[in-house]
Amino acid sequence: MSQIDGFIPVTDNAIQIHHVDGNHWVTSSNHHNEVAIYDSKSRRGKLNSTITHQLYQIYRAMITVILNGSEESGHLIVKLPSIKKQKGASDCGGYAIAFAL
């Protein structure tokens, strides 16, 4: 777990808990070059700059694409699955851990 910065890129499937907005925890996981974000607060399908920066640090190895022997710029597919939302104002940590499990 890292709260803000300093993530080491992964090259295989991974699960990561992120600290965002100074008071919120979310979970990400990757599988087959797609990243899922599990956020117990409603964000209406938007990611802020903090989580975007963290996703780039962790999953950047998935962004580079080798096509016909040459390296090309790629993109990261991020999905926000429909999940159970937290009820209490400070329940996000427990939800982040549960999503990771």
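Me: Is Phe99 buried, partly exposed or exposed, and what is its relative accessibility?

Reply: This is a predicted model, and in it Phe99 counts as partly exposed, because its relative accessibility is 23%, whereas buried means under 20%. Tyr38 is likewise described as partly exposed, with a relative accessible area of 22%.

Me: How many aromatic pairs are there, and how should I read one of them?

Reply: The general idea is that a pair of aromatic rings is described by the distance of the centres and the angle of the planes. In this structure the count comes to 2 aromatic pairs. One of them joins Tyr38 and Phe99, with 5.9 Å from centre to centre and 35° between the planes, and this pair is tilted.

Me: What is the overall pattern of helices and strands along the sequence?

Reply: The chain has 2 helices and 6 strands, and read along the sequence these follow the pattern β-β-β-α-β-β-β-α. For contacts between residues at least 6 apart in sequence, 54% join residues at least 24 apart. Of the 101 residues in the chain, 34% are buried, and the chain exposes about 6500 Å², of which carbon and sulfur atoms supply 53%.

Me: In what order do the strands of the open sheet lie, and which are the edge strands?

Reply: The open sheet is formed by 4 strands in the order S1-S2-S3-S6, and the pairing is mixed. Strand S1 (15–20) and strand S6 (77–79) are the edge strands, each of which pairs on one side only. From one strand to the next, the twist averages 25°. As an example of the pairing, S1 and strand S2 (residues 24–31) run antiparallel and are joined by 6 bridges, and His19 has Trp25 in S2 as its bridge partner.

Me: Where do the helices lie relative to these strands?

Reply: Helix H1 (residues 49–59) lies across S1, S2, S3 and S6, and runs at about 150° to S1. H2 packs on the sheet and touches S1, S2 and S3, its direction making about 15° with that of S2.

Me: Which residues of H2 are buried, and how are they arranged around the axis?

Reply: The general idea is that an α-helix has 3.6 residues a turn, so residues three or four places apart point the same way. In H2 the buried residues are Cys92, Tyr95 and Ala96. Because these residues cover an arc of only 100° around the axis, they are on the same side of H2. The buried residues of H2 pack against S1 and S2.

Me: What is the phi of Asp21, and where is this residue found?

Reply: As background, most residues other than glycine have a negative phi. Asp21, although not a glycine, has a positive phi of about 60°. The residue is found in the loop between S1 and S2, and Asp21 is partly exposed, with a relative accessible area of 41%.

Methods: Residues numbered from 1 in each chain as written. Predicted model: local features only at pLDDT ≥ 70, side-chain atom pairs only at ≥ 80, totals over all residues. Heavy atoms only, no water. Buried < 20%, exposed > 50% of the residue type's maximum accessible area, 1.4 Å probe, protein only. Contact = heavy atoms within 4.5 Å. Areas by Shrake-Rupley, 256 points an atom, 1.4 Å probe, with all protein chains shown as cover. Phe/Tyr/Trp six-rings, centres within 6.5 Å; stacked < 30°, edge-to-face > 60°. Pairing = 2+ DSSP bridges. Axes fitted to C-alpha atoms, helices over the stretch in contact; angles between N-to-C directions. Arc of directions from axis to C-beta.
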